[in-house]
Amino acid sequence: MSRRIRWLGVLLIVCFGLVIVQLTNIQFRRASALAHSPKNPVNNVVNFDNQRGDIFAADGTLLAQSVRVAPPGSNRFQFERQYPTGSLFSQIVGVCNDAVAVVGCDTGVEGYYSAVLGLHKQPIQTLSQLLSPPPPSTDDITLTVDPHLQQVAMEQLANLQGPHKDGAIVVLDPKTGAVLAMASQPTYDPAPLASPDPKVAAAAEYLDNLPDDEGYKPILPLATFYPIQPGSTAKVVTTAAIFDMDPALATYNYPVSLCQALPDTNKTICNDADTASLATPCGGTIQTMLPQSCDPGYAELGLLLGAYSLSQQASLFGFNSRPPLDIAPDNSTVGYAVQPSLYPTAQQLSPGGNPGVPGQAYSAFGQQDVETTALQNALVAAAVANGGKEMVPHFLEKITDAQGRVVETYKPQLWRQAMSPQAAAQIIPLMEAVVTSGTASGDGFPPSLQAAVKTGTAQVGTPTQSIADWMIGFAPASNPKIAVAVVVPDQGLGTYGATVAGPIMVAMMEAALG
Amino acid sequence: MASTAGPPRYHRVPRYAFGPKPKRRTELGLLVFGWVIITALYVLASLARSSKIPPHIGPFLGILFLLTIVAHLVNRWLVPDAHPIVLPTVVLLNGIGYVIIARYDPAFASAQAGWSALGVLLYALALLAIRRTRDLDRYRYLLLLVGVILILLPLVPHLGLTVGATRLWVHLGSLEFQPIEVAKILLCLFFASYLAEKRELLSIPTARLGNRLVLDPRPLVPMLLVWGFCMLVIAKEDDIGFALLLFTLFMVMLWVATGRVGYLVFGLVLFALGAFVVAHLFVQFHERVTIWLDPWASTSNSPACTAHPPRPTCFGGGGDQLANGWYALGLGGVGGVGIGLGQACAQGCALFISALTSDMIFAAIGYQLGLMGTAAVALAFLLLVGTGLRIAQTARSDFARLVAVGLTALLGFQSFFIMAGVIRLLPFTGITLPFMAYGGSSLVTNYVLVAILMRISQEASATPAELATGVRQPGERAFIRVG
């Protein structure tokens, strides 16, 4: 009997051994896979406590808040997101909708600062909190935007003459990169997108993603997503290249002429027109050619500068890079809301490339292959205004915790040294001359503003289909406080940057500084 | 030196001269070790949840010390030479189980403490009542009768209570208990008694079949009858766990008593037949096996359950229990999520595990304490089983030896079946994990079970007289002096 009892012991040891082997299998070998399995209910917990922090404008205007709609602990979404300013700030603030997955939370500041605004663990500050950590709470965010400026910008776009009312205005603080206003048309109403009713939200999501007649989606800011040919505003980039990369050209005297013939092609570039018969003659040094916006002259300067200098200068300003603006980069349907501006590379501008050598001439005055967003063009103006220092554009001013204590204040950062301070200092008087004696002299800039601007009238298409009217600038020239870019695309032939974008620029500068 | 007149002087006998070790002192030391572990877990569980020393730490420590000291003193008084590690292991398992119950089902914690107290009381009473193991041998058929009545009790109208699909409970007023837990010990005693008497008859071929001698099947008949009757009744009560346990008990005891492999073969054939019959008799059988093989096919978010109306293979979301237990074990990993922490719960959360503090308590241990906790618990049970088998080896009579084997097999296989069920080595059978799971009947009964083991162990230890003379009581196995 004792032998059999031993065998019974062996049997039980085997049984318990199997238990431990299987336990090792589950709790060691497969532990990580099980813990992270999508079927693991822990990984599918719907958090109904979807409270988020508030978002304020610089002056304290409430832009977004969470309102409790169900008691704590209930198994439905307890908070609804509300946007008191409606479509005024919708493209900046974005929309969060935890209850409706199609909308989610991946647009605007909401998406970018989702972790800060959402429930998160608070840092432990006292010894007693070490033992009982505080419950997760939300932080609030204050933005740099000025509701008054934003309001003026939206009104200016709404008051545009003509059938096509799309456009964008970006106002920056050139010294810090703070975005003071960023208005785009078309835009959308955030309320239906924030609706807890999936049908309402999904319908709004569908509509806001439909391009309008001009091809712009309301959900995406025209100011950051759609690059548009900058026309003569690109001459600021070319001028910077002249001062920094080939200073001899600063005194190059271009003979007064109607058109400039291009190498490697039978095309000619005529000032302000498709053909010589419609063109007006221009010429001289850049001192006269920038205020007058002389296309043939800048075409020639572009050819003299060459592929490398042009593309290098454009890269220094941030072309072909995505400006690091703090709105959610990832929109679920279309991708990045902030798109890079386009400038041909040195290789593309070299012989044999596409567009090759003629592209040097076109790019020098911002047509054909150059496309820029309003944001990038505002950054160009801001870089000139700030001694060549291009600051990181940003919306965040500060983060405060639930008790109102400041958790973080945004510290301005340099994005790019776009040009030398000397070059910037030499460009400023040229841009002031645009107001006093150049293309913008008829816009009625009050002298007290000390405005320095550059007009742009991009002829889109060959032959010209439509005009993209631009104006970029900053004020006051002696101590710039704002840098502005205005773009109104899809305008009729015969419109000019000065006539369409000019009045808007005046209104923005007066609203900001007046 | 000249001896002086007067009464003869006796040498003072050193207190522990006879045994190699002071067993009760070892036991006390191990108990202190157990207290430290249990108290640490209890305090940590509370610290993790509310950063506070548990409010009931006073009563908790009081009850823990009181119960263990009482059991220890009873041991010192009644079974001073019994094996020293049985009680500390039982206290450790009971204590860890209590901490887990207090964590997940605080409402049941005080009840469980009460059941522990009753268990210790009955442990003492059992040791008091059973002064000699062979007394039990005398009441063989009385024990059988009581056991059978207990098994039948749940079927009595107004008395029985159906919990889940299983009609295994009896309620008297507000008091409910599972009589089969008691019956398992009584059946074990009956089998041991019967086999001890008939084991020669059962192991030596005496019947003539043609010109060959074969085993006489007749002595087996009463046992088979008892066993078959019990199985039928349990089938009626639809409790597959205990059916399996009693079947295993029967086979183990028959084989250990007789040593005939033929019985094992016979048993396996019986098992195969039984499994076939069982598949039709037990309503739960098909469901249990299906859920065991693939719990994910019948979780409450599986296609079978989300259909309108739910398909029959949903089993009311029956897969949740095992699937979530499986994930809880995985989340626990090697070190566990930490006692008192984690998102698992008994109901009303994403990672809910039904019967978390009873049938599924092993999953809760794995979640809180990780592989280290589950392995420690499994090894603790193995330690208990090993000790039980050692006690069986040293037992003085065939009856005592078979009782020890049977009780140990009950303890070992019951814990194995439920642990293996939780980790899906075997189909999940809703039996309790001895000493750990919430449940009065199981806890109290297992204390009595241990009391009988302790009594056998005490009898097995050599008395001072025996050590001196090397002679045992008449009728007992020859005493072999070791060393």
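Predicted model: local features only at pLDDT ≥ 70, side-chain atom pairs only at ≥ 80, totals over all residues.
In general, the strands of a sheet pair through hydrogen bonds of the backbone, and they can do so in parallel or antiparallel fashion. Strands β1 (residues 55-56) and β2 (residues 62-68) of chain A are an antiparallel case, joined by two bridges. Here F56(A) sits opposite L62(A), a residue of β2(A).

Turning to the interface, 34 residues of chain A touch 47 residues of chain B. Interface size is often quoted as the accessible area that is lost when the parts come together. For chain A and chain B, the buried area comes to about 3,600 Å², with carbon and sulfur atoms giving 78% of it. On the chain A side, M1(A), F16(A) and Q27(A) stand out: they supply 21% of the area that chain A buries against chain B, more than any other three residues.

Polar contacts do turn up, though, with 11 residue pairs found across the interface of chain A and chain B, both partners at pLDDT 80 or more. Helices α1 (2-29) and α2 (31-36) of chain A each put at least two residues into the side of chain A that touches chain B. The largest share of that side, 21 residues, comes from α1(A). By residue type, the side of chain A that touches chain B splits into 22 nonpolar, eight polar and four charged residues.

Finally, a look at T133(B), which belongs to helix α5 (residues 133-138) of chain B. T133(B) has a relative accessible area of 1%, so it counts as buried, the cut-off being under 20%. Its side chain makes a polar contact with the side chain of E459(B), at 2.5 Å. Setting aside neighbours within four places in sequence, T133(B) is in contact with F399(B), A400(B), R455(B) and I456(B), as well as with E459(B).

Methods: Residues numbered from 1 in each chain as written. Chains lettered and ligands numbered in written order. Heavy atoms only, no water. Pairing = 2+ DSSP bridges. Helix = DSSP H or I, 4+ residues; strand = E, 2+ residues; numbered from the N terminus. Contact = heavy atoms within 4.5 Å. Buried area = accessible area lost by both parts, 1.4 Å probe. Polar contact = N/O pair within 3.5 Å; in protein donor to acceptor, adjacent residues only side chain to side chain. Nonpolar A, V, L, I, M, F, W, Y, C, P; charged D, E, K, R; others polar. Buried < 20%, exposed > 50% of the residue type's maximum accessible area, 1.4 Å probe, protein only.
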